[in-house]
Amino acid sequence: MNDFLALGNLAESTPIRILHVDDDPARVGLSTTLLAQHLPDAEIHTGTDPTEACNRLDTDLTVDCIVSDFDMGSMDGLEFLEAVRGRFPNLPFILFTGKGSEEIASEAISAGVTDYLQKAAGADQYAVLANRIENVVSQYRAEQAATSYQRRIHTVYERVTDAFFALDDEWRFTFINGRGKRLLDKDEAELLGKSVWDEFPDALNSQFEDEYRTAMKTQQPTTFEAYFDPLDTLFEVHAYPSEEGLSVFFRDITAEDRIRTEHRREKEVLEQVFETSPVGIAILNAEGAITRANNRMVELLEITKEEITNRTYDSSQWQLTDKNGDPLLDENHPLRPVFLDETTVRGERFGYESPSGKWDLYSISAAPIHDKNDELERVVVAVEAVSEV
């Protein structure tokens with residue numbers, strides 16, 4: 001809205017550009033002098049030939065208003081109006097004429113003249129004419145600013161990747177972009193000016209209605225996901241209220257939700273596998289710290305999960321030996337190649353003495369996991385007790 005006001009203020013500050021056409025050279029000369037007294041900042045262009053004036057409008061002349069006489073010989077004022085309207089349908093056109101019959105006035109209004117003013121004796125008529133010009137140009141520029149603003153808004157929202165529609169404070173559609181029309185399976189002509197509740201009655205008494213009405217009441221934005229049965233679609237919705245209405249961005253997340261559900265189920269299955277595996281499993285980060293351990297690992301190591309995840313793989317707290325029972329040197333640690341060379345380790349054997357003093361032989365395997373940049377992200381370790389020494 002601030003952009004629109006800025007456009008309006010800019011339009012108001014621009015000098016008015018007037019074209020006065022009258023086949024009497026003395027009249028247009030007088031007009032220039034007297035209008036300038038009331039509109040000192042105006043740019044006043046004159047002409048005595050309507051055909052030539054049309055050519056100038058087509059080539060090098062831009063104006064905000066035309067003031068025209070009626071009786072001009074080869075082309076009267078209404079014919080001139082018709083020629084102008086064919087080129088510039090909304091350009092203000094004031095018929096300023098000595099022909100004052102009601103028939104001409106009625107015909108001029110029917111033809112789409114912006115204003116009609118009868119010439120009178122004396123200079124005072126130019127004060128009236130100047131006032132009429134200011135009024136019609138002000139309205140014309142305001143309409144141009146509104147059109148320009150709407151065009152800019154339309155362009156912006158058509159470029160938005162999400163679907164979008166806008167509602168006024170009576171819940172009527174005022175805009176919908178192309179993606180919105182496709183997702184809602186409705187044409188613009190079907191929606192503009194229509195109530196969202198009339199066009200989508202299934203939205204009544206649903207989460208959509210609750211969220212929209214709450215947003216408008218509290219003037220606070222809302223984000224939610226809701227399924228709309230008639231379209232068999234799950235939508236992610238972001239709604240932004242204002243005093244003028246509601247702006248709604250939305251997208252179809254049906255497939256995305258299906259994938260999320262599948263991933264969640266897979267994660268649940270993997271979690272069950274992790275916790276019920278007969279093999280001890282641990283997850284280490286890239287620095288070698290243990291971040292997770294399953295129940296079987298707790299049983300094998302005879303310490304709690306908290307104690308396990310408070311250590312690194314090469315911590316001196318581990319009582320490790322080689323397969324012969326001799327103290328394990330750091331350079332011979334079976335996980336060292338995984339962190340140094342990011343290579344997979346399979347079936348390496350080592351001895352471990354538990355806190356109770358029991359020594360056993362174990363087999364360890366480990367694999368590096370990389371991120372999207374091929375950097376080491378974590379290491380998965382599996383440990384099994386070995387029945388034969």
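The second largest cavity of this predicted model is lined by 15 residues, of which Phe 165, Leu 184, Phe 200, Phe 208 and Tyr 212 lie nearest its centre. A cavity here is a set of points, on a 1 Å grid over the protein atoms alone, where a 1.4 Å probe fits but cannot get out, and its lining residues have an atom within 4 Å of a point. The model is a predicted one, in which local features need pLDDT of at least 70 and side-chain atom pairs count only at pLDDT 80 or more, while totals for chains, interfaces and linings use all residues. Residues are numbered from 1 along each chain as its sequence is written, and side-chain values use heavy atoms, with hydrogens and water left out.

- The elements that give two or more residues to the lining of the second largest cavity are α9 (196–199), α10 (207–218), β9 (233–242) and β10 (245–252), where helices (H or I, at least four residues) and strands (E, at least two) are DSSP runs numbered from the N terminus.
- This second largest cavity holds about 170 Å³ of space, a volume being the space filled by probe spheres set on grid points that are joined across faces, edges and corners.
- Its lining has 15 nonpolar, no polar and no charged residues, with Ala, Val, Leu, Ile, Met, Phe, Trp, Tyr, Cys and Pro counted as nonpolar, Asp, Glu, Lys and Arg as charged, and the others, Gly among them, as polar.
- The structure holds 2 cavities of 30 Å³ or more, and the largest cavity has a volume of about 250 Å³.
- The largest cavity is lined by 17 residues, and those nearest its centre are Leu 301, Trp 318, Leu 335, Ile 364 and Val 383.
- At least two residues of the lining of the largest cavity come from each of β11, α12, β14 and β16, and by class this lining has 16 nonpolar, 1 polar and no charged residues.

- Val 383, leaving aside its neighbours within four places in sequence, is in contact with Val 279, Gly 280, Met 297, Leu 300, Phe 350, Tyr 362, Ser 363 and Ile 364, contact meaning heavy atoms within 4.5 Å.

**Salt bridges**

- There are 19 salt bridges in the structure, each being a side-chain nitrogen of Lys or Arg within 4 Å of a carboxyl oxygen of Asp or Glu.
- One of them joins Glu 236 and Arg 251, whose closest N and O atoms are 2.9 Å apart; Glu 236 lies in strand β9 and Arg 251 in strand β10, so the pair ties together parts that are 15 residues apart in sequence.
- Within this pair, Glu 236 is buried, with a relative accessible area of 16%, whereas Arg 251 is partly exposed at 26%; buried means under 20% relative accessible area, exposed over 50%, and partly exposed in between, with a 1.4 Å probe and protein chains only.
- Arg 292 and Glu 275 meet through their side chains in a salt bridge (3.3 Å, N to O), and the pair links distant parts of the chain, with Arg 292 in strand β12 and Glu 275 in helix α11 (residues 254–276), 17 residues apart.
- Arg 292 counts as partly exposed, at 33% relative accessibility, and a network of salt bridges links Glu 271, Glu 275, Arg 292 and Lys 305.
- Arg 378 and Glu 377 also meet in a salt bridge (3.0 Å, N to O), and Arg 378 is partly exposed at 35% relative accessibility, as is Glu 377 at 38%.

**Positive phi values**

- Trp 171, although not a glycine, has a positive phi of about 70 degrees; Trp 171 lies in the loop between β6 (163–168) and β7 (173–176) and is buried, with a relative accessible area of 13%.
- Gln 219 has a phi near 60 degrees, a positive value in a residue other than glycine; Gln 219 lies in the loop between α10 and β8 (222–228) and is partly exposed, with a relative accessible area of 29%.

How values were computed. 1 Å grid on protein atoms, 1.4 Å probe; cavity = no way out; pocket = protein on both sides within 12 Å on 5 of 7 lines; lining within 4 Å.
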